[in-house]
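My entries follow in the order in which I checked them.

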Amino acid sequence: MRHALRRLLWIGPTLFVISIALFWVLTAGRGGGGLDPDEADEEHPFFGDHSRPRFFNSRPGNVRDLALLAMQSIARNDERAAAAERELVRLGGAALPHVLPQLDSLDPRGRGRVALALAPLAKRMNVGTAEDRASADAALLFWTRFWQDRAIDFRPAVAARAVARLGEKSTVGRRDDVRALDTFALPELMRKLTPVETEADAARVRRISMALASITEQPWRLERDAGLEAARATARTWQRWWLVHHSDYVTHDGAERVFAMLSDTEYGRWAADAVENQLGTSESGKSVRELWSTRAPTTTWLLGAGLVGGFAAGIALGLMGAARANAPFDRSLSALAIVLAALPTTLFALVLAPGGPSAQHAVGAFLMVVTAASVVARHQRSATRVALDQEYARTARAFGAGPWRLALWSFRASCVSVVSLAGTHLAHLLTVAFVVEHALHLEGLGAVTLKAVYAHDIAWLMALSLSVAFLLSLAQIASDLLLGALDPRVHLGLLRKRGAVE
Amino acid sequence: MMRESSLLARTAAVLLGLLVLVAVFADLLCSHAPLLARTGGHWHVLPAVTEPARAAALTRELREQDGFAVWAPVRASPTAKATDDAERHWLGTDDSGRDVLAQIIFGARTLVTTTLGALLVALVVGVPLGAAAGRGNVADALLSRTVEWTGAVPTVVAIAVLHASELVTSTWVVAIALGALRAAEVARLVRGEVLRVSGTDFVLAARALGASPIAVVRRHLAPHLFGPVLVSASLGAAAVVLVEAALSYLGLGVPGEVPSWGALLGRAGVAPTGRLLPGLAIVITTACLAILAETLEDRLAARRGGAGRV
């Protein structure tokens with residue numbers, strides 16, 4: 001039991017190592033394309049695309065750095081100034097606490113240029129008048145005043161209250177409060193997107209998504225009479241967007257910065273997506289968990305058939321073969337087993353072109369049973385043969401025990417090899433199950449995985465590998481436990497290894 | 001009984017040898033260009049291999065100028081769409097017009113390359129790892145973790161991940177990946193054997209007489225390891241053949257352009273005989289390997305039993 005517990009605890013690190021290794025491989029081929037390979041430069045011309053280091057980010061993104069960089073570029077009016085202007089507007093309200101106090105440190109002309117560059121932002125925030133945005137001097141005056149009046153509003157607590165009030169009820173005043181904070185309110189808005197469980201929640205998500213859409217200029221609004229499902233989907237879309245972009249709108253300090261070094265990476269993003277969105281979001285936009293729950297039953301059925309039916313049939317055939325060793329029955333069985341184990345299931349599938357879906361499921365299960373049984377039967381046969389060569393079997397035979405009875409009798413000794421096979425054979429059965437699904441056009445995990453391979457769907461592949469690794473580890477532990485129960489020597493060996501028994 | 005099984009094993013060995021021969025001389029059996037040609041006063045030997053760029057032009061020249069040429073038994077290319085009217089497709093073509101028989105012949109080459117490559121990798125990685133694990137504590141812990149990690153990721157998933165990251169650029173990548181996944185198994189076997197033999201009296205005696213660890217490995221461990229490793233290698237080869245076929249069938253095996261038996265099973269537009277033959281070929285190959293493994297195992301057990309029964 002202690003052994004099993006220790007193994008269970010080891011699953012965590014094992015999965016972690018596997019996830020890192022797989023992620024490294026998955027992102028290696030495309031030069032770190034990451035979660036959003038298509039989201040290229042046009043959206044962020046100033047700082048290039050949104051790709052991150054894969055595992056360690058020595059300089060995690062930060063609205064302060066980004067804003068100050070853009071500001072200096074505009075003030076100098078260098079060749080990237082136009083892009084920097086767009087970037088500063090994109091950063092929006094979250095950049096203001098860093099930019100506006102620094103205006104004084106610039107030379108007068110630079111100051112004016114920055115103030116003028118912020119004019120579209122003022123329009124988006126619905127503050128100031130057209131005259132305020134007309135010239136550099138007016139804009140500078142406006143922003144200086146704005147900061148004197150409103151600096152006190154740019155604090156998390158204020159943003160939280162404004163967003164909470166908007167979430168409860170949407171009035172013009174409340175909408176304007178949030179609009180005036182612009183991107184500074186984004187973290188709070190994102191927090192208010194969950195939970196989505198009742199109709200009231202859906203209404204809240206609609207109000208929040210309106211505010212988000214006008215602030216970020218993204219299209220994901222929720223329609224007026226949209227249902228709960230649509231609300232959930234919209235919330236997920238926004239969360240996904242936030243996952244990629246959040247580091248542009250927040251500052252990291254102290255311990256948070258150290259954490260950001262690890263989390264603001266491709267791997268960190270995937271992990272956060274996996275934790276927040278139920279194993280992550282696949283390329284098709286659905287949550288992986290959803291896909292998994294619709295597709296897993298078919299594969300589980302096939303694997304279950306292979307494991308239960310295949311092992312039962314294989315053990316029975318193996319025992320029979322060993323009891324009648326070298327008789328014609330045994331010979332033909334061995335030959336058949338070799339051929340069946342070798343026969344790719346596809347060949348069966350082509351010959352047995354089936355009818356309806358239930359027939360397909362039955363044929364699939366049959367194929368799994370045959371493939372698994374052919375391997376198991378050979379193992380069981382040779383294990384029984386070994387057991388029957390032991391002295392106790394010879395003694396029993398001398399006392400007149402028949403071959404059938406002997407074979408059954410030695411089963412407890414001979415089943416050990418098959419039980420240990422079960423733990424490792426499951427991985428192989430998964431390959432067979434994928435082939436069967438493909439051949440019979442069953443909609444299982446295999447079909448999704450093949451699609452994911454071509455679509456470069458990291459979320460799905462990671463989720464699949466980790467879930468499968470988890471299940472296989474569990475199966476391995478279960479088979480070891482069973483082994484220990486069946487064969488006390490295994491158990492004793494473990495104790496001895498730990499030094500508990502001499 | 002003995003004679004019969006050895007006859008079976010011999011047949012299996014001969015068939016496997018044939019497979020290797022086909023793989024090696026695939027270019028002689030099947031080529032869209034002549035094996036030997038004389039046009040314009042020049043001799044061309046195996047133009048499809050020696051000067052692939054000129055092969056198509058040469059075929060055209062031959063037709064126009066009435067030169068001398070020796071053709072391969074199968075006049076087709078496994079990769080290119082059929083263009084020559086003189087080509088005859090014995091087993092038809094697939095949906096993109098490639099000759100099926102040519103793909104079967106060159107599929108043998110793919111199969112042999114993948115299998116031998118995977119075995120080589122598995123042995124080169126697995127044997128030293130297992131031997132080290134059988135002798136040292138740290139290596140043993142490392143091995144058991146590695147076995148756990150590789151055992152937790154099924155082959156199909158690992159290869160799918162490789163494909164998704166577009167790392168599968170040649171047959172060798174598949175071979176190396178399959179070999180690396182098998183290495184854990186080989187290491188486990190070697191570890192067990194090393195532990196078993198290290199505990200025997202003759203190793204103890206050799207060490208007492210002052211034999212160095214290297215001498216013990218060379219003189220006593222290696223001969224004992226040879227048999228089990230050979231058995232495991234031939235069983236492993238059977239497994240690799242099957243897995244490669246299954247993966248290629250799923251479209252996750254060797255890159256699409258490379259002809260492969262497994263891929264033929266699943267390719268659209270292939271006539272039933274065109275599917276049956278590669279399927280049968282896979283079955284026969286695996287069965288031969290399994291028979292060989294079984295015979296080797298029997299021999300090994302007999303020798304061991306004989307040694308014990310003085």
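In what sense do strand β1 and β3 of chain B pair, and over how many bridges? I find that β1 (residues 36-39) and β3(B) pair in the antiparallel sense over 3 bridges. For my own record, strands (E, at least two residues) and helices (H or I, at least four) are DSSP runs numbered from the N terminus, and two strands pair if DSSP finds at least two bridges between them.

The model is predicted: local features need pLDDT of at least 70, side-chain atom pairs count only at pLDDT 80 or more, and totals for chains, interfaces and linings use all residues. Residues are numbered from 1 along each chain as its sequence is written, chains are lettered from A and ligands numbered from 1 in the order written, and side-chain values use heavy atoms, with hydrogens and water left out.

Sheet, chain B. I looked up A37(B) and got A69(B) in β3(B) as its bridge partner. On the other pairing, β1(B) and β2(B) run antiparallel and are joined by 4 bridges. T39(B) stands opposite H42(B) of β2(B). These two strands, β1(B) and β2(B), form a hairpin with 2 residues between them. In the turn, G40(B) has a positive phi of about 55 degrees. Put together, I have an open sheet of 3 strands in the order β2-β1-β3 (chain B), with antiparallel pairing. The edge strands are β2 (42-45) and β3 (68-70) of chain B, each pairing on one side only.

Contact of chain B and chain A. With contact taken as heavy atoms within 4.5 Å, I get 38 residues from chain B and 41 residues from chain A. The area buried between the two chains is about 3,500 Å², meaning accessible area (1.4 Å probe) lost on putting the two parts together, summed over both. Carbon and sulfur atoms give 74% of that area.

Which side chains meet in a salt bridge here? I find R378(A) and E294(B), at 3.4 Å from N to O. The rule (a side-chain nitrogen of Lys or Arg within 4 Å of a carboxyl oxygen of Asp or Glu) finds 1 salt bridge across this interface. I then listed the elements that give two or more residues to the side of chain B that touches chain A: α6 (137-152), α7 (155-164), α10 (213-250) and α12 (272-308) of chain B. Of these, α12(B) gives the most, with 10 residues.

Salt bridges elsewhere. One pair I looked up is R90(A) with E87(A), whose closest N and O atoms are 2.8 Å apart. Because they are 3 residues apart in helix α3 (residues 81-91) of chain A, R90(A) and E87(A) are separated by about one helical turn.
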